[in-house]
Every structure is written in C-alpha cells, then in structure tokens.
Amino acid sequence: MLENQSLPPALSEELPEVLPIAMLKLDGKGKVLFMNRASYELLAAMKISPENLSQALTQRHRFLVRQALRARLSAETDWVQNGRSVHLIFKASADGASAYLFMIDLTAQADAKAQLIQSEKMASLGLLVAGLAHEINTPLGAIHSNNDTITRSLEKILQLLEGEDLLNREDKKRVEQLVGILRDVCQNTSLATERLMSIVGSLKNFARIDEADFKKADIHEGIDSTLTIVQHQLKGRIQVEKQYGNLPPVECHPNRLNQVFMNLLINAAQAIPDSGTITIRTARKGDSVTIAISDTGTGIDAEDLPKIFDPGFTTKGVGVGTGLGLSICYKIIEEHNGKIDVESDNQGTTFTITLPVSHGGRPKKVKRG
Amino acid sequence: MAKREPPVILLVDDEEMIITSIKSFLAIETDYQLLTYTSPLKALEDLKTKIKSVDLVISDYLMPEMDGISFLAEVKKKFPLVPRVLLTGYADKENAIKAINNVGLYQYIEKPWNNDDLRLIIRNGLEKTILLKQLEEKVREVEKVHKELSDVQKEILRVFV
C-alpha cells in the first residue's frame, strides 16, 4: 500500500519527465512555456519544432486553448500531422493564466484500424470475385460445350457430304465453303472461351476463399493468377520476365500471399514511368524459398527506404496510394514467419520475400487486421 | 454380350442452358437416353414413382430447392449401385470432395467442363454399372446352380441312404 509511504521530494519535477504522455504548458497565445521529455519525442516525430508549435496548431486548436483558459475547463480534439494521429487535451492551469496541453499518440491504434478496414475490404473483394467467377462459370460452361458440339456436328456433316451424292456439285461446294467458315468461327470462339476460362480460373485461384487455413500451395500458381489480375496495369507498357526456380509446395495462406504479390506487382508497375521490365525470380534455399520482384523503375529515395513498411507512408499522390499496401505485405509475411527485404537505387527496386517451406505443422496464429 | 438397351442417364440442373448443352452433346456422340430435370424435387418424385431403371445420375451442386449432394444422397437410397456424378463450380470444390467421401460419389465435374472428360466419366460410370449388373447376374446364376446341386445332393442322399 502506498498510503503510509512518503512521496519522493522531487515528484513535482520528476513526474513530467517520466510521464509517457507529452505534456506542455502554453501561454494564452500558444507559446510553449514548458515541455517534458515525451513532448520532444512526439513533436520530433510530427516534424514540428517547439518554437513553431503555436504556428503549427490550427485555428481551431488556438480557439480551444482560449476557451479552456476562459472557462477554466478542459477541451479535447484530435490532430493528424505528418502521419501521426494525436489526441490533444487542453486544461487550464489553476490560476487560469496558462494551459496545459497533453498529447496522446494514437497513431498505432489508428493504423491498426486502417489496416483492419483495408483487410476487410480485401476479404469482401475476394468474396465478390469468387462469387462472380462462380456465376460466370455456368453460362461459360454452356458456351464452351455448345461450341464443341457445333464443331463436332460440322465434322459429321462434312463426313456425310463425302459419302453420298446428296447434293449437286455446285451446292456441295457451297455447303463445304459454309462449313469451312463455321469451322473457323468455332475455332475462334473456342480460343475466346478458353481465354475467358483461364481468366475466371485465375480470379478464383486469386481469391481462394475456400481456403481459410495454412496449406501447401504452389507459389508459381499464385504469382501467375495474380499476374492475370494486374494484367491491365502492365499491358503494352511493361514486360514481365519470369525466372522461376524449382520450388516445393509452400505451407501458406494462399490468398493472403496473393495480396502481397498483387501489392508488389502494382507498386512495381507504378514505379516504371514509361516502359520497362518486371522480373520475378524464385529460388529454393534450404528450408526456405525466396521470391524476388524487381522493377526497372525510378527507385525509392534512400531517406524513404527505412519508412516504406510504415503504415500510412506513401509517396504516391492523394487518391493513388493508401500508404497501407506495403505495411500489409509486411504483416502478411510476418504471419508466415518470413521476411521481406528491399533494395533500391535509381536503376530500380527489388523486393525479396523469404518464406519457410513448412511451419512444422504449427503455423503462426493468423490474426486478422 | 447381348444387344443392350441404350443406357438411361438422369440429369438435374436448375439451369436450362446447362441441360441443353449436355443433352445436345450426348445426342450427337452417344445413344444414351436422357431424362432431364430443372427441379431436383420433381426428379426425386419421378424416381420414386415412374422411373424403373436408371444407369447413371448427374446433378448440379448449387440449386435453389436442394443442393446436389442431398439430392444424390436421396438417389442412393432408391438406387444404391447407380454411379452418382456431381457437377460443381470451383467455389464449392472442398464441399464436393467432402461429399465424395461422405455420400460416396462416383465422380465430380467442374464447370466449365470439357466434353471429352464428361463423356469419359459417363462411359466409365456406365461400365461400372454394367459390370455390377453382370456380377449380380452371375451371383444369381451361381446361386441357382448351387441350389440345383444341393437339390441333387438331397436326392442322392434320399436314394442311397
């Protein structure tokens, strides 16, 4: 019990310094009179120098400070600055001459929430894709089968024409001509339906909603179906070079891994300004496999490189990137007990994923979001 | 082997277009007699009342009235030896595989299917039916001969003992 213990004599000086929450004292104009150690750290993360705090605070913040001082009450608000989500509490000092500002860093919670929303979006997209693929398969199955039946019927008609003198020579020639056209058209339809079937197959393979657990899967199949999905972003502009090694089946969460491939491939495509090449190399190294995705793009600035896996970090314009893609990739690879590395210079960027082939039957628990 | 009757195949799919496709294909390539239904309930009703014999049953998996696995399980009650084939989309592949083990399906076909595969699966299934029928006949013959022999034995015993 603490009741009978005497308080440390220097508590009033020591407390603000050990407090894990940023605590500042501001005058009526928002000028900093005092700040504790946590404040320096948080302001540094927000890229705000203490002298500039009053300018950095918005009009609304300054209004809240004045209000807190006037009413000798507290006021609360949220502040997002340089990727940090901070909760602000203004409290008037006892004499009402100055205001205390407490800043609580909620960035981690905000990021977790954003990642959860993104994961949920991906999950519902997966369901939608799988449902669509299923719906498409019925009419596609009918077309594919009908076309085959028509082709077979045509061959039988031709055989009949060979055997008997059913028609005069001229008519026979004309019928043969028409059958020839029909045969070409059928062949064309057959190619078209086969293409459709492979697209639908890729969609289903990409979504893989029927597989909730870790299971052995073909990594190349995952990459190939993901390539089909992102095809329209590459078409004509970007050459894809596959250098596949001999990989064993890998114990993984196939649809989660496909998300990683998709994010990396889209990033690679966006990093290439005009035309270029994306190279995908896979190899086995002992009990692990590596998947390296390289682009011939503009590269990542050296100062940005350590931050690319941070949630919310993006160099893409507003509305282009969510800043979540790579942080989700990082998390998914972590769930697989693997690692993801990046190398970049002005010739391009390579992301290398290393995954263990198996988890000894005890996969790391997958936490969503 | 004696000249056989054309095999009877029962096909259930709630989509008319699938029935038309399969029916047309089998019509040009085989002499199979097809009984087709868009309603599994109507098919079951006819199986219980009208249909005397069927050699193979194909059913779609996802249908509004009942799913293909339940339907084929019902068929099994009436015709335990008839091969049952499930037609399925990819999304329910795992279910289909479970069903193959639980309900004892003969095969499953994925939509969109390949006509040659479909024909092969049906042909093999029918062969199985024919073999089973022949086996049944042989067993009956053997039983008949066995009975005759034991009758003769009884006669011999009666005369000599």
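This is a predicted model: local features need pLDDT of at least 70, side-chain atom pairs count only at pLDDT 80 or more; totals for chains, interfaces and linings use all residues.

Guide: Let us begin with sheets.

Visitor: In which order do the 5 strands of the open sheet in chain A stand, and in which sense do they pair?

Guide: Strands of a sheet pair through backbone hydrogen bonds, and the sense is either parallel or antiparallel. Here the order is β2-β1-β5-β4-β3 in chain A, with antiparallel pairing. From one strand to the next, the twist averages 25°.

Visitor: Why is one side of β2 and of β3 of chain A left without a neighbour in the sheet?

Guide: β2 (32-35) and β3 (74-81) of chain A stand at the edges and each has a single partner strand, so one side of each has no neighbour in the sheet. For β2(A), that pairing is with strand β1 (residues 22-27) of chain A, over 3 antiparallel bridges. Within it, A:Leu26 has A:Val32 as its bridge partner.

Visitor: Which helix packs on this sheet and touches β1, β2, β4 and β5 of chain A?

Guide: That is helix α2 (residues 37-45) of chain A, and its direction makes about 90° with that of β1(A).

Visitor: Now a helix by itself. How many residues does α4 of chain A have, and how far does it reach?

Guide: Helix α4 (residues 59-71) of chain A has 13 residues and reaches 18 Å from first C-alpha to last, close to the 18 Å expected at 1.5 Å a residue. Just after α4(A) comes A:Arg72, with a positive phi of about 50°.

Visitor: Which residues of α4(A) are buried?

Guide: They are A:His61, A:Leu64, A:Val65, A:Ala68 and A:Leu69. Looking down the axis of α4(A), these buried residues fall within an arc of 130°, so they line one face of the helix. They pack against β1, β3, β4 and β5 of chain A. On the face turned away from the buried side are the exposed residues A:Gln59, A:Arg60, A:Arg70 and A:Ala71.

Visitor: Which residues touch the most other members of the largest nonpolar core?

Guide: In soluble globular proteins, nonpolar side chains tend to be buried together. In this model the largest nonpolar core has 40 residues, and A:Leu264, A:Leu265 and A:Ile293 touch the most other members. Helix α8 (residues 254-271) of chain A gives the largest share of this core, 8 residues. Leaving aside residues up to four places away in sequence, A:Ile293 touches A:Leu264, A:Leu265, A:Ala268, A:Ile278, A:Ile280 and A:Phe351. A second, separate core has 31 residues, including B:Val12, B:Leu47, B:Ile58 and B:Phe71.

Visitor: Back to strands. In which sense does β9(A) pair with β10(A), and over how many bridges?

Guide: β9(A) and strand β10 (residues 288-295) of chain A pair in the antiparallel sense over 8 bridges. One residue pair there is A:Arg284 opposite A:Val289 in β10(A). The hairpin has 2 residues between the strands, and A:Gly286 takes a positive phi near 65°. Strand β9 (residues 276-285) of chain A also pairs with strand β7 (residues 238-243) of chain A, in the parallel sense over 6 bridges. In that pairing A:Gln239 stands opposite A:Thr277 in β9(A).

Visitor: Last, how many residues of chain A are in contact with chain B?

Guide: 20 residues of chain A are in contact with 18 residues of chain B. On the chain A side, α5 (107-163) and α6 (169-207) each supply at least two of the touching residues. The largest share of that side, 17 residues, comes from α5(A).

Definitions and conventions:
Residues are numbered from 1 along each chain as its sequence is written. Chains are lettered from A and ligands numbered from 1 in the order in which they are written. A nonpolar core is a set of buried Ala, Val, Leu, Ile, Met, Phe, Trp, Tyr and Cys residues joined through C-beta atoms within 7 Å. A residue is buried if 20 or more other C-beta atoms lie within 10 Å of its own, exposed if 12 or fewer, and partly exposed in between; C-beta atoms are placed from the backbone. Helices (H or I, at least four residues) and strands (E, at least two) are DSSP runs, numbered from the N terminus. Two residues are in contact if their C-beta atoms, placed from the backbone, lie within 7 Å. Two strands pair if DSSP finds at least two bridges between them. Axes are lines fitted to C-alpha atoms, for helices over the stretch in contact, and angles run from 0 to 180 degrees between N-to-C directions. The expected span of a helix is 1.5 Å times one less than its number of residues. The arc is that of the directions from the helix axis to the C-beta atoms.
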